[in-house]
Amino acid sequence: MTDLRVDLCGVELKNPVIPASGTFGFGREFDEIYDISVLGAVCTKGLTLEPRLGNPTPRIAESRGVILNAVGLQNPGVEHFIAHDLPWLKTKTRVIANVAGKEPSEYGEICARLDGLVDFVELNISCPNVKCGGMTLGIKPENVENVTRIAKNALKSTPLIVKLSPNVESIAANARAAEEGGADCISLVNTFTGMAIDIETRRPVLANNTGGVSGAGIKPIAVRMVYEVSRAVKLPIIGMGGITCAEDAVEFMMAGASAVQVGTRNFTDALACPKIVEGLGKWCAAHGVERVSELVGTVKTNG
Ligand SMILES: Cc1cc2nc3c(=O)[nH]c(=O)nc-3n(C[C@H](O)[C@H](O)[C@H](O)COP(=O)(O)O)c2cc1C
C-alpha cells in the first residue's frame, strides 16, 4: 500500500489531489455524488469581500481539448462562506480558501478575516476575467511581491499560497517575487487568456469577448511552467492545468509539484478526483513507489 500523504507547509494532506478553484463550488454538489472526505483538500471558488454576480452570459465556451470561461468571480462573499459553507466543509477535509480583491488592501482584509479559520489561503492574483484587480496584480513581479506581502502580514497562523498567472513574461520571476513577498507555497497555473469567435455571427462566443483557457490542451505548457518554477524557488508547489487522470498527476509531481489541483475535468467526469486518488495509489504500487511524495521533482532532464 502506497503512502499517499503529503506535507504542505507543515499541514498534512491525506493525499495530493485537490479540486481546483471555480470548478467545484464549495463541494456540496459533489458530496451528493461521492464522499468528498476522500480528497486531500478542497479549494473554494474565489471569494471576495462582497457577494458578486459575475459576468453576463454566455460565460463558458467549448473548443477542442479546452474550454474558455469568463465567469468573473461569481461568489456569495467571504462572510456567507464563513457562516454557511466553512463549518460543513471543515468536517470533510482540508480547506483552501481562494481569495480575490480589487486592490491589494482588499486582499489584506479578506485574509485577515480568514486567518485561523481555514487550512490555507490561496491568493488569486491571476484571474483574467475581471476588470480591476485580478490579473493586473499578477503580471509585474513588483505587484506580485507587494500583494503577497500585504496578504502575508494579514495572516498570522494560516499558510499562504500564491496562485500565479501564466499570462506573464517570466513565470520564474513572478514565483521569485511571491517568495520574496513571504509566500509559503506557489500554485500554478491559472487560465491562459483566449478568445473564441462564432464565424456565422462574427461575434465572440463569450459575452466578455475573451476568457480563460483551461482543460487537457494546456497541460504541456503548465507542466513546463511548474518545472521552471520548481527550479526558481525553494517553496512547495501545487501544480495544475489540464489534469485528467492519475498519470497526469504523476507527471506534474515529477515536474516539481508536491500536490495537484484538478479543474475542468470535474465538469466532464464528476468522479475525476476520487478516480485520480485511486489511480495514483495503483500507479505508485505498480512502480515500486512507497510514498507518493518520493515522486516530487524526479524528472531526469537532458543535459
Ligand atoms: C469555470 C472556471 C472557474 C474558475 N474560477 C477560478 C477562481 O475563482 N479562482 C481561481 O484562482 N481560479 C479559477 N479557475 C482556474 C482553475 O482553478 C485552474 O487554475 C485552471 O482551470 C487550470 O486547471 P484545469 O485545466 O485543470 O481546469 C477557474 C477555472 C474554470 C474553468
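In helix α6 (residues 219-232), glutamate 228 and arginine 224 form a salt bridge, with 3.3 Å between the closest N and O atoms. A salt bridge is counted here when a side-chain nitrogen of Lys or Arg lies within 4 Å of a carboxyl oxygen of Asp or Glu. Helices (H or I, at least four residues) and strands (E, at least two) are DSSP runs, numbered from the N terminus. Because glutamate 228 and arginine 224 are 4 residues apart in α6, about one helical turn separates them. Glutamate 228 is partly exposed at 31% relative accessibility, and arginine 224 is partly exposed at 39%. Buried means under 20% relative accessible area, exposed over 50%, and partly exposed in between (1.4 Å probe, protein chains only).

The model is predicted, so local features need pLDDT of at least 70 and side-chain atom pairs count only at pLDDT 80 or more, whereas totals for chains, interfaces and linings use all residues. Residues are numbered from 1 along each chain as its sequence is written, and side-chain values use heavy atoms, with hydrogens and water left out.

The whole structure contains 15 salt bridges. One of them joins arginine 28 and aspartate 85, with an N to O distance of 3.3 Å. This pair links distant parts of the chain, 57 residues apart: arginine 28 belongs to helix α1 (residues 28-31) and aspartate 85 to helix α2 (residues 78-90). Arginine 28 is partly exposed at 34% relative accessibility, while aspartate 85 is buried at 7%. Another salt bridge connects arginine 149 with glutamate 145, whose closest N and O atoms are 3.2 Å apart. These two residues are 4 residues apart in helix α4 (residues 141-154), so about one helical turn separates them. Arginine 149 has a relative accessible area of 37% and is partly exposed; glutamate 145, at 23%, is also partly exposed. Asp3, Arg5 and Glu12 are linked in a network of salt bridges.

Two packed helices are described by the angle between their axes and the distance between the axes. Helix α4 packs against helix α5 (residues 171-181) at about 30°, the axes being 7 Å apart. Axes are lines fitted to C-alpha atoms, for helices over the stretch in contact, and angles run from 0 to 180 degrees between N-to-C directions. The two helices α4 and α5 are therefore roughly parallel. Angles under 35 degrees count as roughly parallel, over 145 as roughly antiparallel, 65 to 115 as roughly perpendicular and the rest as oblique. The contact (heavy atoms within 4.5 Å) includes Glu145 and Arg149 of α4, and Ala173 and Ala177 of α5.

Helix α7 (residues 246-255) and helix α9 (residues 272-286) pack at about 70°, with 8 Å between their axes. Helices α7 and α9 are therefore roughly perpendicular. Among the residues in contact are Val250 and Met254 of α7, and Leu280 and Trp283 of α9.

The model also has an open sheet of 4 strands in the order β5-β6-β14-β11, with antiparallel pairing. Two strands pair if DSSP finds at least two bridges between them. Strands β5 (60-63) and β11 (192-195) stand at the edges with a single partner each, so one side of each has no neighbour in the sheet. Neighbouring strands of this sheet are turned by 40° against each other on average, direction ignored. Strands β5 and β6 (residues 66-69) run antiparallel and are joined by 4 bridges. Isoleucine 60 has asparagine 69 of β6 as its bridge partner.
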